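Biologist: I'm new to this one. Could you walk me through how to read its features, step by step?

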Amino acid sequence: MKVFHLFIWMILFGFTSIYGAEPLRLPGANDIRIIPYLSEYIDCSCSENASEVLKKWKAGKFKKLSDATVVNKGVTDCVHWFALHVINDSKYRENYLWSFYNDGIKFNVFELDSLGNKIIRSTQGSHFQRLSERDVPIRPVSFEFPMEAAEEKVFLLRTEVFGRQNLYFPTDISTKSDILIYELGFSFLLGRYFGFFFFAIVFNLCLFLILKKRFYAMMLGYISSLLAFNMIEYLHDVYVVPDGLYAIWTQIPKLTFLALTLYFNVYVFMTFVQQKKYFPNLSKKLILLNKLVLTATLIYLLLHLALNSNTHLVRVFQLIFAALLLTQTAFLLVNIWYCIKGKSPYIFHYLLGNSLIFLSVVMYLFNTFDIFYFPQLIRPGNIIFAFSVEIIYLMIVFTVKYKKDFDHFVADLAFAENKRRQLALELVMIQEKERSRIAQDIHDGIGGTLQGLRLLLSAEQLQQKNKVQEMLKDINGDFKRLIHQLAPKNLKSLGLCGSIQHDALSYGSVPKIELQCFGDEKVMPFDMKIHLFRIYQELITNALKHAIGVTLIEVDLAIDDHEVRLLVHDNGQGVATCIPENGHGIGMHSIRSRVDYYRGTFDFYLTKSGCSAQVIIPFKTNVDKI
């Protein structure tokens with residue numbers, strides 16, 4: 001029996017030495033790099049079938065791959081075949097998974113018989129398959145094969161790019177349980193990043209709806225494009241996208257999301273550094289090129305959905321599209337350079353936030369085109385980590401920037417408001433001075449004339465002398481009341497309460513005006529006394545003009561350390577008393593303007609006994625700071 005096993009080993013050793021690389025010994029769960037154990041054959045005609053390639057393998061036309069961590073053949077139009085010889089070095093029967101980690105590649109695994117003469121089983125899969133269609137329903141495309149202890153198997157792997165130009169994929173073989181445990185941990189780690197992206201999307205959406213700032217709309221599009229790209233890049237879309245939509249989703253090329261990411265990033269950059277303000281000419285050119293990129297993206301997407309991705313038209317347009325994206329990227333770098341030279345605000349913050357992006361993209365391009373291999377420095381990947389750092393940094397900086405701009409705007413608004421109030425106060429004082437001048441002119445001119453006329457008439461012998469004297473007396477009384485209303489000269493000598501009492505007596509007994517004053521009016525500034533006296537005059541005029549059957553008007557003036565309250569109540573009837581002219585009359589407008597000037601309140605109350613108007617003016621307002 002031992003001789004038989006030795007014979008089998010010699011045969012297999014002969015196959016190994018002749019047909020390919022040394023066998024991969026699997027000790028069960030492992031993290032062995034399997035690339036050095038692969039051998040390769042390239043079919044650029046893309047027409048050879050598995051049986052024909054099997055003959056090439058047996059003829060020794062497969063070449064051993066160099067030591068690497070991933071299969072990276074760069075940009076290729078050929079079909080690449082790989083051969084792998086594995087031995088279960090475990091003492092137990094194991095279920096192994098051969099897994100492939102990338103999108104846009106079709107994998108077809110052929111299992112050979114023990115002598116390598118014929119194909120006994122074939123399985124195919126790709127990222128385009130939904131979970132329910134896969135042999136193993138997990139993120140990577142995986143092929144399961146059981147192996148008894150010390151059993152050996154030989155596989156041929158056919159790879160073909162679809163919807164992309166470069167052949168690049170990590171791959172490994174381990175036990176099913178080991179890979180499932182790894183995928184569980186990887187999904188938890190990746191889920192944190194995707195959770196952050198989803199949070200950032202919702203956060204920026206809310207900010208856009210609340211603040212109506214275009215920057216947050218651009219950030220929303222930028223983060224959404226990044227999320228879509230990274231879901232495909234890390235094959236996580238198969239978990240997120242529903243099965244019913246997954247077939248359509250996989251038809252969207254990843255390059256589309258990269259283009260959208262660039263499109264939105266340009267607007268984020270322009271808003272962030274205020275390029276329209278500092279470099280308007282460059283800004284117009286960048287916007288024009290960006291619109292061209294968006295148009296080309298839509299055309300590329302439509303062509304890709306309508307035609308096969310490997311058709312000549314799609315491939316040619318894809319090259320043109322890629323060249324346009326490179327041009328846009330180059331012009332963006334030019335704009336960044338001009339902003340650095342011009343020391344645009346926040347340009348260095350933008351560069352700091354995007355520094356990891358630039359570095360990781362360069363590493364990604366080097367890996368993609370097989371120029372130089374850079375390992376993943378941070379799990380789960382350099383790019384997704386860099387994007388996360390960029391989003392966090394830019395959102396924090398822009399929020400701080402917006403807060404500073406908002407504070408500056410509020411300060412300017414407060415300054416303008418204080419200036420407006422100062423001008424309003426000056427206008428009121430000018431108005432009062434003008435009223436005093438008019439009152440003085442009337443008193444010295446028309447008043448003197450009327451007095452002279454009264455004296456002249458008293459010297460004349462008239463038939464109705466008493467009646468004329470009475471009429472002149474009424475005219476003189478009205479005249480004095482008018483002068484007093486234009487310029488309440490008693491306000492300084494009598495004070496606010498005394499001036500109101502003096503004015504109330506001028507109306508006689510109908511209507512009767514009763515006044516009650518509480519508090520010390522010395523705490524009130526003189527300009528406030530003028531305004532309150534004018535408000536009192538307007539309220540009395542309103543009651544006499546609009547109320548029905550007014551016989552009594554009660555005036556209460558209360559002053560404390562914090563505010564002054566003026567209450568005017570009449571016993572008239574009718575809603576019009578409380579809402580004269582729907583509150584839009586000149587008198588009402590004058591009252592509201594004066595009350596608003598001091599940030600006070602003005603209210604009407606309709607009661608069974610009449611109408612009450614209440615004015616409350618606080619002492620400590622922004623007006624005090626002017």
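Predicted model: local features only at pLDDT ≥ 70, side-chain atom pairs only at ≥ 80, totals over all residues.

Biologist: Okay, so how far apart are the sulfur atoms of Cys497 and Cys517?

Modeller: They sit 1.8 Å apart, and the two residues form a disulfide. The angle about the S-S bond is 100°, and the link of Cys497 and Cys517 is right-handed.

Biologist: Which parts does the pair tie together?

Modeller: Cys497 belongs to helix α14 (residues 490-505) and Cys517 to strand β13, so parts 20 residues apart in sequence are tied together. As for accessibility, Cys497 is buried at 18%, while Cys517 is partly exposed at 32%.

Biologist: How many disulfides does the structure hold?

Modeller: Two. Another one joins Cys44 to Cys78, with 2.0 Å from S to S. Its torsion about the S-S bond is about 85°, so this disulfide is right-handed. Cys44 lies in the loop between β2 (39-43) and α2 (50-58), and Cys78 in the loop between β4 (71-75) and β5 (79-88), so the link ties parts 34 residues apart in sequence.

Biologist: Are Cys44 and Cys78 buried or exposed?

Modeller: Cys44 is exposed, at 54% relative accessibility, but Cys78 is buried, at 14%.

Biologist: Now sheets. How do I read one?

Modeller: In general, strands of a sheet pair through backbone hydrogen bonds, either parallel or antiparallel. Here, an open sheet of five strands runs in the order β13-β14-β15-β17-β16, with mixed pairing.

Biologist: Which strands stand at the edges?

Modeller: β13 (512-518) and β16 (601-607); each has a single partner strand, so one side of each has no neighbour in the sheet. From one strand to the next, the twist averages 10°. β16 and strand β17 (residues 610-618) run antiparallel and are joined by seven bridges. Thr607, for example, has Gly610 in β17 as its bridge partner.

Biologist: And what about the nonpolar core?

Modeller: As a rule, nonpolar side chains in soluble globular proteins tend to be buried together. In this model the largest nonpolar core has 72 residues, and Phe197, Met219, Trp249, Phe269, Phe272 and Ile391 touch the most other members. The largest share, 14 residues, comes from α4.

Biologist: What does Ile391 touch?

Modeller: Leaving out residues up to four places away in sequence, Ile391 touches Phe196, Phe197, Ala200, Met219, Ile223 and Leu226. Apart from that core lies another of 36 residues, including Tyr507, Phe533, Ala543 and Val568.

Definitions and conventions
Residues numbered from 1 in each chain as written. Heavy atoms only, no water. Pairing = 2+ DSSP bridges. Helix = DSSP H or I, 4+ residues; strand = E, 2+ residues; numbered from the N terminus. Axes fitted to C-alpha atoms, helices over the stretch in contact; angles between N-to-C directions. Core = buried A, V, L, I, M, F, W, Y, C linked by side-chain atoms within 4.5 Å. Buried < 20%, exposed > 50% of the residue type's maximum accessible area, 1.4 Å probe, protein only. Contact = heavy atoms within 4.5 Å. Disulfide = S-S within 2.5 Å.
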